[in-house]
Amino acid sequence: MAQIEKGKIFVAADAIDYADGGVVSREFIKNNGGTVTLFSFDKGQGLSEHFAPFDALIQVVDGEMVLNVEGTDNTIKAGESFIIPSGARHSVRADHRFKMLLTMIRG
């Protein structure tokens with residue numbers, strides 16, 4: 001996996017691979033203001049229900065995910081985005097492989 005250079009064009013979906021039966025993550029940016037992290041989820045994987053203390057921007061860059069927010073399933077496809085409100089209960093399900101960018105900004 002190549003180092004991502006600042007000031008250069010890159011394709012987010014190509015910056016991480018899928019892992020059979022797993023979830024992989026790669027941080028692009030991490031500082032006091034927040035994080036930008038790319039995740040890949042293999043089919044059948046997910047994240048159990050949890051809360052985030054800040055708004056979270058989800059951008060699907062490959063495939064399709066199911067994001068449950070406060071009991072409602074939202075199917076999000078490549079090219080689509082969703083903002084999870086601060087404090088909302090949410091979980092992630094991969095009925096198909098997908099990759100998403102997660103941006104969290106503190107404050």
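**Entry 1: Asp42**

I began with the neighbours of Asp42: leaving aside residues up to four places away in sequence, Asp42 touches Ala19, Asp20, Gly21, Gly22, Ala94 and Arg97. Contact here means heavy atoms within 4.5 Å.

Before going on, I noted that this is a predicted model, where local features need pLDDT of at least 70, side-chain atom pairs count only at pLDDT 80 or more, and totals for chains, interfaces and linings use all residues. Residues are numbered from 1 along each chain as its sequence is written, and side-chain values use heavy atoms, with hydrogens and water left out.

I placed Asp42 in the loop between β2 and β3 (46-50). Strands are DSSP runs of E with at least two residues, numbered from the N terminus. Asp42 is buried, at a relative accessible area of 11%. For that term I used under 20% as buried, over 50% as exposed and in between as partly exposed, with a 1.4 Å probe and protein chains only. I also found the Asp42 side chain reaching the backbone nitrogen of Gly21 at 2.5 Å.

**Entry 2: the rings**

I counted three aromatic pairs in the structure. What is the angle between the planes of Phe39 and Phe41? I read 35 degrees, with the centres 6.2 Å apart, so this pair is tilted. Rings of Phe, Tyr and Trp (its six-membered ring) pair if their centres lie within 6.5 Å; planes under 30 degrees apart count as stacked, over 60 as edge-to-face and the rest as tilted.

Phe41 also pairs with Phe98: the centres are 4.7 Å apart and the planes are at 10 degrees, so I wrote this pair down as stacked. Phe41 sits in strand β2 (residues 34-41) and Phe98 in strand β8 (residues 98-105), so the pair ties together parts that are 57 residues apart in sequence.

Ring pairs link Phe39, Phe41 and Phe98 into a cluster.

**Entry 3: the cores**

Next I looked up the nonpolar cores, meaning sets of buried Ala, Val, Leu, Ile, Met, Phe, Trp, Tyr and Cys residues joined through side-chain atoms within 4.5 Å. The largest has 18 residues, and Phe41, Ile58, Met65, Leu67, Ile84, Phe98 and Met100 touch the most other members. Which elements give two or more residues to this core? I found β2, β4 (56-69) and β8. β4 gives the most, with six residues.

Not counting residues up to four places away in sequence, Leu67 touches residues including Ile58, Thr72, Ile76, Phe82, Ile84 and Val92. A second, separate core of six residues includes Ala12, Ala15, Ile16 and Val36.

**Entry 4: Ala12**

I then followed Ala12, which is in the segment before β1 (23-31). Ala12 is buried, with a relative accessible area of 15%. Apart from residues up to four places away in sequence, Ala12 touches Phe28, Leu38 and Leu101. I also checked Ala12 against Leu57: they are 45 residues apart in sequence and 15 Å apart in space, C-alpha to C-alpha.

**Entry 5: Glu70**

Last, I looked at Glu70, in the loop between β4 and β5 (72-77). Its phi is near 50 degrees, a positive value in a residue other than glycine. Glu70 is partly exposed, with a relative accessible area of 41%.

Methods:
Helix = DSSP H or I, 4+ residues; strand = E, 2+ residues; numbered from the N terminus. Polar contact = N/O pair within 3.5 Å; in protein donor to acceptor, adjacent residues only side chain to side chain.
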